[in-house]
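The sequence and structure come first.

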Amino acid sequence: MVEVYEFWAVIVSLIVVKLCHWIYQWKNPKGNGKLPPGSMGYPIIGETFEFMKLHDAIQLPTFVKEKLLRHGPVFRTSLFGGKVIISTDIGLNMEIAKTNHIPGMPKSLERLFGATNLFVNKDTHKHARSLTNQFLGSQALKLRMIQDIDFLARTHMKEGARKGCLDVKETASKIVIECLSKKVMGEMEPEAAKELTLCWTFFPRDWFRFAWNFPGTGVYRIVKARNRMMKVIKETVVKKRASGKKLGEFFETIFGDTESVTMSIEIATEYIFTLFVLANETTPGVLAATIKLISDNPKVMQELRREHEGIVQDKIKKDETADLTWEDYKSMTFTQMVINESLRITSTVPTVLRIIDHEIQFGDYTIPAGWIFMGYPYVHFNPEKYDDPLAFNPWRWKGKDLSTIVSKTYLPFGSGTRLCVGAEFVKLQMAIFIHHLFRYRWSMKAETTLLRRFILVLPRGSDVQIS
Ligand code: HEM
């Protein structure tokens with residue numbers, strides 16, 4: 001009897017020792033040199049809950065601000081079960097962006113995008129970028145996309161004005177999805193188009209989370225919504241190919257491209273799906289935030305009204321159709337200043353996300369390979385670079401090159417090897433949306449609130465009254 005008791009006592013002691021050792025190792029990770037300061041929080045959970053606290057969208061998260069004060073510009077932590085380096089140092093962020101290629105994301109996001117994804121896979125990444133540039137680069141936008149966005153924005157705005165109310169985020173999302181769907185699949189059967197749009201409503205808003213995938217969890221719902229969307233896209237493609245019908249420009253290019261001869265429908269669908277997700281999860285939120293910032297600033301409102309009424313009057317005078325041209329877009333100088341300023345002030349998330357693929361020295365510290373890197377564009381809030389940085393002031397962009405999407409003081413779209421490929425598309429879409437909105441009288445509901453939990457959150461919606 002005593003022997004059995006002793007046996008179990010030894011087993012339990014061993015487990016406790018092993019557990020304590022594991023917790024010690026978790027809290028004190030080893031590197032080849034001195035690690036950046038910081039704390040790893042609780043085992044597995046790390047400091048995720050503090051990091052994910054809801055905060056004012058035009059302020060850096062309190063978590064980052066406090067750590068910055070305590071540890072300086074670069075510190076370590078643990079989020080979503082992974083080891084993370086957070087940096088607010090612009091030099092380090094740009095260096096990492098230039099020299100590291102693997103996207104840094106929690107496992108939940110890897111599940112969402114898929115392991116064979118052209119953008120995630122190091123070998124196919126370059127090819128995916130060059131393909132995307134054919135669809136979303138300025139040449140393609142200028143020649144083809146502008147008419148579609150113009151038509152969709154005009155139609156949705158008219159519909160909103162008829163009803164007297166329009167939700168900015170929802171409308172922007174419809175425009176993005178309809179615009180991309182047409183480019184990808186050409187004319188779709190109404191049933192498939194409806195199903196594809198419907199899938200987004202099943203898509204959980206907060207996909208940046210832990211990776212547990214079992215019924216009831218957010219990741220489970222994400223994966224289900226993803227599989228449903230992929231099925232709709234794939235079925236449409238297979239049907240169209242079988243019946244000899246023309247696909248949209250995206251798929252025609254992908255399948256006609258000599259480098260992609262071997263690309264399967266599965267991989268092509270995954271690639272298209274990535275573009276859909278990235279477009280739909282970013283632009284509508286930023287656009288809603290921009291409209292809120294405009295509506296809170298009467299002087300900005302007034303200047304935008306002047307610019308857009310000018311464009312409309314000019315077209316009437318020249319007896320031109322109401323359709324927007326590339327020249328009209330380029331003439332929207334103040335609008336582009338507003339967009340740049342909005343992207344600056346709402347960049348309160350890391351815009352350089354990578355897995356460190358080789359050890360790197362930062363001052364006395366060694367940043368180890370294998371860790372996730374999150375680079376915040378803290379420079380956007382540096383008073384030496386931007387006077388009164390928390391003020392929404394589009395005039396600060398006066399006389400600057402408005403087409404720049406990245407510089408040493410401006411990184412809303414990231415930098416280096418994974419600089420956002422949708423940047424030009426975003427800016428065009430935002431400008432056209434603003435133009436059509438200013439063809440009407442509108443006001444945003446006063447209770448609209450801009451928050452962030454990694455992703456932009458508008459808990460009270462983004463309705464505007466429009467007539
Ligand atoms: C306001 C809207 C948007 C913002 C703020 C934004 C921001 C970003 C950022 C910061 C990155 C780079 C991450 C890094 O360097 O680690 C990125 C990458 C990317 N974005 Fe965007 N994005 C937006 C809209 C879009 C849209 C509309 C699309 C496509 C239609 C898109 C497609 C992509 C893709 C494919 C990548 C990955 C590029 C690569 O890995 O080479 N984005 N985006």
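## Salt bridges within and between helices

Glu-159 and Arg-162 form a salt bridge in which the closest N and O atoms are 2.9 Å apart. The model is a predicted one. Both residues belong to helix α7, where they are three residues apart, about one turn of the helix. Glu-159 is partly exposed, at 35% relative accessibility, and Arg-162 is exposed, with a relative accessible area of 62%.

Asp-328 and Lys-315 form another salt bridge, with 2.6 Å between the closest N and O atoms. Asp-328 is in helix α14 and Lys-315 in helix α13, so this pair ties together parts of the chain that are 13 residues apart in sequence. Asp-328 has a relative accessible area of 10% and is buried. Lys-315 is also buried, at 4% relative accessibility.

## A salt-bridge network

The whole structure contains 14 salt bridges. One of them joins the side chains of Arg-154 and Asp-323, at 3.8 Å from N to O. This pair links distant parts of the chain, 169 residues apart: Arg-154 is in helix α7 (residues 138-163), while Asp-323 is in the loop between α13 (298-317) and α14 (326-330). Asp-323 is partly exposed, with a relative accessibility of 45%.

Arg-154 and Asp-323 also belong to a network of salt bridges that includes Asp-150.

## Aromatic pairs

Nine aromatic pairs are present in the structure. In the pair of Trp-22 and Trp-26, the ring centres are 6.1 Å apart and the planes are at 40 degrees, so the pair is tilted. The two residues are four apart in helix α1 (residues 2-27), which means that about one helical turn separates them. Is each of them buried or exposed? Trp-22 is partly exposed, with a relative accessible area of 37%, whereas Trp-26 is buried, at 12%.

The rings of Trp-397 and Tyr-410 are edge-to-face, because their planes are at 65 degrees, with the centres 4.9 Å apart. Trp-397 and Tyr-410 both lie in the loop between β8 (372-375) and α16 (423-437), so the pair ties together parts that are 13 residues apart in sequence. Both residues are buried.

## Charges over rings

Which residue lies over the face of Trp-397? Lys-400 does, at 5.8 Å from the ring centre. Trp-397 therefore has an edge-to-face partner in Tyr-410 as well as the charge of Lys-400 over its face.

In a second case, Arg-344 lies over the face of Tyr-386, and the distance to the ring centre is 5.0 Å.

## The iron site

Which residue supplies the single protein donor to the iron atom of the ligand? The donor is the SG atom of Cys-420, 2.3 Å away. Cys-420 is placed in the loop between β8 and α16, the loop that also holds Trp-397 and Tyr-410.

## Two phenylalanines with positive phi

Most residues other than glycine have a negative phi. Phe-80 has a positive value, near 50 degrees. Phe-80 is in the loop between β2 (74-79) and β3 (82-87), and Phe-80 is buried, with a relative accessible area of 13%.

Phe-454 likewise has a positive phi, of about 65 degrees, although it is not a glycine. The position of Phe-454 is in the loop between β10 (451-453) and β11 (455-457). Phe-454 counts as buried, at 13% relative accessibility. Phe-454 also forms one aromatic cluster with Phe-51 and Phe-63.

## The chain as a whole

The chain is made up of 467 residues, 52% of them buried. It has 16 helices and twelve strands. Of the contacts between residues at least 6 apart in sequence, 74% join residues at least 24 apart.

The accessible surface of the chain is about 22300 Å². Carbon and sulfur atoms account for 57% of this surface.

Key. Residues are numbered from 1 along each chain as its sequence is written. This is a predicted model: local features need pLDDT of at least 70, side-chain atom pairs count only at pLDDT 80 or more; totals for chains, interfaces and linings use all residues. Side-chain values use heavy atoms; hydrogens and water are left out. Rings of Phe, Tyr and Trp (its six-membered ring) pair if their centres lie within 6.5 Å; planes under 30 degrees apart count as stacked, over 60 as edge-to-face and the rest as tilted. Buried means under 20% relative accessible area, exposed over 50%, partly exposed in between (1.4 Å probe, protein chains only). A charge sits over a ring if NZ of Lys or CZ of Arg is within 6 Å of the ring centre and within 35 degrees of the ring normal. Contact means heavy atoms within 4.5 Å. Accessible areas come from the Shrake-Rupley method with a 1.4 Å probe; for residues, only the protein chains shown count as cover. Donors are N, O and S atoms within 2.8 Å of the metal (3.2 Å for Na, K and Ca); water is not among the atoms, so sites may look incomplete. A salt bridge is a side-chain nitrogen of Lys or Arg within 4 Å of a carboxyl oxygen of Asp or Glu.
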